Amino acid sequence: MRCWLIEVLLVFFGTQMYAQGFGARVILGLNASQIAGDQLAGFDKVGLSGGLQGTVFLTEKFDLNVEFLYNEKGSRPDIFNGTLDPDIHITLRYIELPVFVTVQDWLDEEAGYYKAFGQAGLSVGRLMSVSTADRHNPDDMRLDDLVDHFNNTDVSWLVGFGFRLSQRWAISFRYTRSLNLLLNAKKQELNTFSLRPYFLSFRGEYIL
């Protein structure tokens, strides 16, 4: 993983020699997440998202972006009527490095910036800690006893869009889904379901 990160950073900063400039943003927001395979439904797990974004302005409308984020995700029973769902709680805390391209449109000529933007790319994350509380599954399927089998590295794809509100402020919305499994039950010959996280992000962005 370290080699991959070094290569990405070299490409990112090396591109500045051919770009028009460089920018940065501070990100703070919330994730609404769930995990496929955990017997729960709905984006009921709410967690913190925050970090920094660096931007290389490739052309007038296209940017290359790298973020360094802390993300909380996982799953839990329905927020408003939890008694209808299995009593399973999963909290995952990641440090993530999304790399993505942004395309901008809807120019505000008076303010001198584009109001709308769309994004697509990939993200690599490292699982920092896990918390589980499984009071539903039988002993041989309890998630509390399967944490050691969780994949510590996450590779995801992401798409999103946002709106710039002023020279300094923007809001963005993002969908992120893991390409690899958090828990690969078949590969590890476990008597349980495989798990794949995905989540929605709602973010405020301060433009430096």
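Modeller: Two strands count as paired if DSSP finds at least two bridges between them. The model discussed here is predicted.

Biologist: How many bridges join strand 2 to strand 3?

Modeller: The cut-off for a pair is at least two bridges. Strand 2 and strand 3 run antiparallel, and they form a hairpin with four residues between them. Within this pairing, Thr55 stands opposite Asn65. The number of bridges that join strand 2 to strand 3 is nine.

Biologist: Which residue of strand 2 is the bridge partner of Arg25?

Modeller: Strand 1 covers 21–36 and strand 2 covers 45–57. Strand 1 and strand 2 pair in the antiparallel sense over 13 bridges. In strand 2, the bridge partner of Arg25 is Gln53.

Biologist: Which residues lie nearest the centre of the largest pocket?

Modeller: The largest pocket holds about 410 Å³ of space. Strands 1, 2, 3, 4, 5 and 8 each supply at least two residues of its lining. The lining has 24 residues, and those nearest the centre of the pocket are Arg25, Phe57, Asp63, Gln104 and Arg164.

Biologist: How many charged residues are in the lining of the largest pocket?

Modeller: Asp, Glu, Lys and Arg count as charged. Arg25, Asp63 and Arg164 are among the lining residues of the largest pocket. By class, this lining has nine nonpolar and ten polar residues, and the number of charged residues is five.

Biologist: Which strand gives the most to the lining of the largest cavity?

Modeller: The structure holds two cavities of 30 Å³ or more, and the largest cavity has about 70 Å³ of space. Strand 3, strand 4, strand 7 (169–178) and strand 8 each supply at least two residues of its lining. Among the lining residues are Phe199, Ser201 and Arg203. With three residues, the strand that gives the most is strand 8.

Biologist: How many polar residues are in the lining of the largest cavity?

Modeller: Ser49, Asn71, Ser123, Thr176 and Ser201 are among the residues that line the largest cavity, as are Glu96, Arg174 and Arg203. The lining divides into four nonpolar and three charged residues, and the number of polar residues is five.

Biologist: What volume does the second largest cavity have?

Modeller: The lining of the second largest cavity includes Gly37, Asp38, Gln39, Ile88 and Asn137, and also Leu143, Thr192, Phe193 and Leu195. These residues divide into four nonpolar, four polar and one charged. The volume of the second largest cavity is about 40 Å³.

Conventions
Residues numbered from 1 in each chain as written. Predicted model: local features only at pLDDT ≥ 70, side-chain atom pairs only at ≥ 80, totals over all residues. Heavy atoms only, no water. 1 Å grid on protein atoms, 1.4 Å probe; cavity = no way out; pocket = protein on both sides within 12 Å on 5 of 7 lines; lining within 4 Å. Points joined across faces, edges and corners; volume = space filled by probe spheres on them.
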